[in-house]
Amino acid sequence: MGIAKFRKLFYMGLEPYEGRYTLQLQDWSERAFKKRGVDYVVVPGITIDNTKSIQVGQVLDAHGRSYFAMSQMMNLVQMMRNGEVSGDDVIFFEDMFQPGMESLPYIMDQIAKEDRPRVYIRCLAQTIDPDDFVHVWGMSKWMSLYEEMCNEFVTGVLASNEEMVANMKITNWKAPIYNISGLAFDKQEVQERVSRMTFASRKRRVVFTARFDQEKQPDFYMDIAEQLSDEDIEFAILQGGPLRSNNPKYIKRARDLEAQGVLKIYENLKKNEYYNIVNDSRVLFNCALQDWTSNTVSEADALGANVLFPAYRSFPEIFANDHTRMYVPWSKEDAINKLGPLLDAPHKDMGKISDWTSSTIDRCIDIMEGNSAEWARSTNRYRDKVAEEKY
């Protein structure tokens, strides 16, 4: 039985970074809310500075995330105190990790049940991911306790795919779990930022656009670049900030290959600069251990570039099991064989991935409105839908 449609949605977004999808995340979400006729409030936060860049950390800035989230929580608590948030409302967090989150169960355990808003949180990785940065920095012991706290009071956790659901289940997370099958995205907004190029007019360029950290396996990409260095192909690394990594060996190798003319490195790219390079490239290549969908696949697919990813973890789901655009994980031979046709012509299913992910926010709204049966994964039959094509 579904939960009744909410009265108002209180949106807890992420701070914007020029080199990350968070720059557009609120805009994408607001567009979807307006199309659906959702009555919503964007709960504001204060950014720690105006750089829109990551100074400390890998995924979000360590100081900036904490500062923004706590200021946001202060505003939310004020709204709750003022009676603006009711038991008919929903609070939606774009990230499970929200400093100050403990305020909610602390308050809600001391008010009448009928006055408690429903709370949904989107999980982006967390300790359930063996390749997440929390394990790189030794945060997992206390972060898992934070997650346990969230599981005690939230209405639902939104996972990005079936593989993430499985990791949540075997960690014994208690809260209701839903698969939204994708990351937030808006194809139209991305396409509005460029003048689309034909495939034939594009450079024979293969871009690597993930962070340059160990879980993205940049060595694998650089191995392929070296193997194909005699071909008429530009291998390029695109970064929203300076080239940085949690393992310095990757930086040294990339700089050496750049000096040899094997690689090109584009750094400190503004979002539109990044899009214009992808718009003039033929293939976006990924070899990550974890991306849990990857916004880069949606962006490249929306901009008319082919995409080539490993058939690993979440990627078969987001590719609808398309064997022509996925390679056997960690087989350079298979990756190179699959790369050839994707450099020559646009794939017949180009555009379908970004169409699917452009509906992700709608699936979140459906779940929060109670239309969740298709996406609920709280029973012990959570693996039933793994092999199904979502679109």
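## A first look at the protein chain

Of the 391 residues in the protein chain, 57% count as buried. Keep in mind while exploring that this is a predicted model.

Let us begin with the overall picture. The secondary structure of the protein chain comes to 15 helices and 12 strands. Along the principal axes, its C-alpha atoms fill a box of roughly 70 × 40 × 40 Å. A compact globule with 391 residues would have a radius of gyration near 21 Å, and the protein chain agrees because its own value is 21 Å. Take the contacts between residues at least 6 apart in sequence: 75% of them join residues at least 24 apart.

How many of the 8 residues of helix H11 (residues 295-302) are buried? The count is 8 of the 8, so H11 is largely enclosed by the rest of the structure. Among these buried residues are Asn295, Val297, Glu299 and Asp301. The table lists elements that are included in what covers them.

| Element covering H11 | Residues |
|---|---|
| helix H1 | 22-36 |
| helix H7 | 187-191 |
| helix H10 | 271-279 |
| strand E10 | 283-285 |
| strand E11 | 306-310 |
| helix H14 | 352-357 |

Methods
Residues numbered from 1 in each chain as written. Predicted model: local features only at pLDDT ≥ 70, side-chain atom pairs only at ≥ 80, totals over all residues. Heavy atoms only, no water. Helix = DSSP H or I, 4+ residues; strand = E, 2+ residues; numbered from the N terminus. Rg over C-alpha atoms; globule rule 2.2 N^0.38 Å. Buried < 20%, exposed > 50% of the residue type's maximum accessible area, 1.4 Å probe, protein only. Contact = heavy atoms within 4.5 Å.
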